[in-house]
Amino acid sequence: MQFLSYLINGISLGSVYALIALGYTMVYGIAKMLNFAHGDVIMIGSYVVFFAFGSAGMNPVLAIVLSMVVCTVLGVTIERVAYRPLREAPSLAVLITAIGVSYLLQQVAQLAWSSNPKSFTSVVSGMKPISLFDGQLTISAETVVTIIACVIIMVALIWFVNHTSAGHAMQAVSEDRGAAQLMGVNVNATISLTFAIGSALAAVAGALLCSSYPTLQPTTGAMPGIKAFVAAVFGGIGSIPGAFLGGILLGIIENLSKAYISTQLSDAIVFLVLVVVLIVKPTGLLGKKVNVKV
Amino acid sequence: MLKNMKKSTKSNLITLGIVVGFYVLIQILGAVGALTNSFSGQLVPICAYVILAVSLNLTVGILGELSLGHAGFMSVGAFSGTLAYVVLSENAPQPLAMLVAFVVGGVVAGLFGVLVGIPVLRLSGDYLAIVTLAFGEIVKNVMNACYLGLDSHGLHFSLKDTASLNMEVDGKVLINGAMGITGIKKASTFAVGIVLVIITLLVILNLVNSRAGRAIKAIRDNEIAARSVGIPITKYKLMAFVTSAVFAGIAGVLYALNYSSLVAKKFDYNTSILILVFVVLGGIGNLRGSVIAAAVLTVLPELLRSMNDYRMLIYAIVLIVVMIFNQSPEMIALRKRLTARFRKEGADKKDAKEKKGVA
């Protein structure tokens with residue numbers, strides 16, 4: 001029974017990773033860049049929810065919507081100001097810029113809200129935990145809401161990418177940017193849209209993450225961000241179902257290793273998964289193989 | 001004699017001259033008593049950071065791959081070297097113990113370099129960055145949970161706590177988890193640091209200007225073309241990566257022996273980024289720039305204490321601005337136009353002068 005409880009908590013944590021990983025995987029697939037600042041957008045989103053819902057007492061749904069708007073604006077602005085000028089530059093330059101942006105967000109948050117951890121009020125604090133098998137297995141409301149939210153978002157996103165013209169444009173840009181441009185796809189707008197969607201999902205992920213793990217500080221987003229990237233690589237970078245699968249699996253691995261191996265070493269184990277995946281199958285579980293042509 | 005020298009030799013001599021000049025300057029300042037305590041406390045860290053920046057520049061600038069785990073190599077070097085030093089310094093003379101510590105630190109960091117390098121150097125840039133980052137985090141977490149003790153039965157190792165080491169009564173705890181290694185006799189001096197900086201520069205500058213260095217740069221500029229002319233890609237990539245790791249380890253030992261205790265937390269992601277800032281600001285691929293940037297940026301925060309809250313914020317902005325200014329196609333075009341205009345104006349003036357001269 002205890003194993004089942006660890007497993008369900010792992011799936012819940014994995015759902016959050018999956019939501020974050022979606023942002024990474026879409027941006028990586030379409031803009032071919034690793035957006036290091038993604039984790040810090042989550043952190044900013046969590047602060048917005050913290051102030052709107054926790055301090056100002058706004059309706060939790062409205063607070064999350066507000067946070068999504070803020071993160072979307074932030075994500076698109078970052079792309080416009082920092083990444084777009086470097087679209088044709090070597091990937092090393094883009095990567096260093098992204099690290100700079102990530103650091104910038106952390107430092108701004110630290111100056112604005114201090115590095116003291118804030119205790120985050122769960123957005124579903126009104127709901128009761130579910131009790132199964134005569135109280136032997138308790139599932140918190142956060143867990144249930146996180147998993148349901150993740151599944152809904154995943155289905156909606158897959159539908160969006162496969163059945164709308166904007167979604168088709170995204171697929172086209174990810175396949176061949178130059179050819180897509182020649183076919184009349186607005187590449188810049190498509191990349192902006194990708195950043196907007198990824199950042200909005202980051203806001204949701206931030207609210208859910210901090211509801212389950214209620215300490216909020218400027219570095220809150222960094223670790224989940226990196227782990228979500230591991231999840232995206234695990235599932236196959238550029239693949240939306242892959243991000244989902246990778247996220248869930250990584251969440252389960254992390255929670256089980258916390259429970260049965262060592263709390264301190266769980267992060268090391270998660271990163272070891274990345275190294276093993278890259279050695280054994282660099283394209284990830286559901287990724288496509290790309291041949292390098294001269 | 002200077003005229004016949006190769007361009008690269010001349011440039012190397014200037015770089016080494018700067019280091020020696022810095023040493024002489026500090027000695028003079030020390031002799032007249034112009035050095036403050038806080039500044040002389042910074043001298044060894046400056047040397048360590050210079051070595052780190054130069055070695056990271058070998059990976060980032062010359063090899064063209066981003067490593068975000070430089071602090072991880074620094075950490076494994078620092079722990080293994082310090083461990084050797086603590087064990088040896090009881091019986092052996094101090095200079096010998098130190099020498100062994102540096103060798104052990106460098107070798108262990110180099111071994112980890114091979115371990116990390118072989119799987120990831122076959123992958124493209126972004127993956128290398130994230131794996132080195134992961135490596136840094138793994139090292140930090142494992143060292144934080146690592147317990148090592150020594151008694152009459154030999155070494156005892158545990159990842160849980162000191163009690164599970166199962167030591168005899170005479171046992172001594174060497175690494176105490178998150179508390180790290182304590183009670184180190186401070187041994188690093190500025191002179192040792194400068195010697196190490198010079199050795200680092202000699203090795204890395206020679207590597208860069210050698211046949212191997214040209215191969216590494218060829219791989220950076222176009223891997224497919226390099227492969228097609230028969231350059232063994234993995235061999236040279238690994239050579240650069242491991243050399244970089246070895247010197248990071250040596251710098252770690254130098255840094256650790258400057259303090260009385262050593263904790264794993266010191267070598268985190270922020271330290272890796274700090275070294276990257278030195279490299280970027282000094283100029284990617286420019287080793288002399290790394291030396292100067294590392295020294296200046298280590299001293300500057302001491303002088304500008306009031307700015308301390310904004311230090312990392314400024315570093316972040318510096319990273320973004322330098323990258324956009326140096327790498328964005330529009331900015332490059334703009335700079336070319338501007339320099340062309342200045343050149344033209346300069347040329348016009350020169351022409352006018354010459355005409356006057358004729359008249």
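**Notebook: chains A and B of a predicted complex**

I began with the UniProt record, an unreviewed entry, which lists "transmembrane region" for residues 6–27, 60–78, 90–109, 137–161, 182–209, 229–253 and 265–284 of chain A. I kept in mind throughout that the model I was reading is a predicted one.

I then looked up two of these listed spans in the model. Residues 6–27 of chain A are 100% helix and 0% strand, and I found the C-alpha atoms at the ends of that span 31 Å apart. For residues 265–284 of chain A I noted 75% helix and 0% strand, with 23 Å between the end C-alpha atoms.

Next I turned to chain A as a whole, where I counted eleven helices and four strands. Its radius of gyration is 19 Å, close to the 19 Å that the globule rule gives for 294 residues, so I wrote down that chain A is as compact as a globular protein of that length. Along the principal axes, the C-alpha trace of chain A spans about 60 × 45 × 35 Å.

How much of chain A is buried? I found that buried residues make up 53% of its 294 residues. Among contacts in chain A with a separation of 6 or more, 76% join residues 24 or more positions apart.

Last, I checked confidence. Chain B has a mean pLDDT of 83, and 90% of its residues reach 70 or more. Within chain B, helix H9 (residues 233–256) has the highest confidence, at a mean of 93, whereas helix H13 (residues 329–358) has the lowest, at 72. For the complex, the predictor gives an ipTM of 0.80 and a pTM of 0.83.

Conventions: Residues are numbered from 1 along each chain as its sequence is written. Chains are lettered from A and ligands numbered from 1 in the order in which they are written. This is a predicted model: local features need pLDDT of at least 70, side-chain atom pairs count only at pLDDT 80 or more; totals for chains, interfaces and linings use all residues. UniProt positions are given in the numbering used here, feature names are shortened, and annotations may be inferred rather than shown by experiment. Helices (H or I, at least four residues) and strands (E, at least two) are DSSP runs, numbered from the N terminus. The radius of gyration is taken over C-alpha atoms; the globule rule is 2.2 Å times the number of residues to the power 0.38. A residue is buried if 20 or more other C-beta atoms lie within 10 Å of its own, exposed if 12 or fewer, and partly exposed in between; C-beta atoms are placed from the backbone. Two residues are in contact if their C-beta atoms, placed from the backbone, lie within 7 Å. pLDDT is the predictor's confidence in each residue, from 0 to 100.
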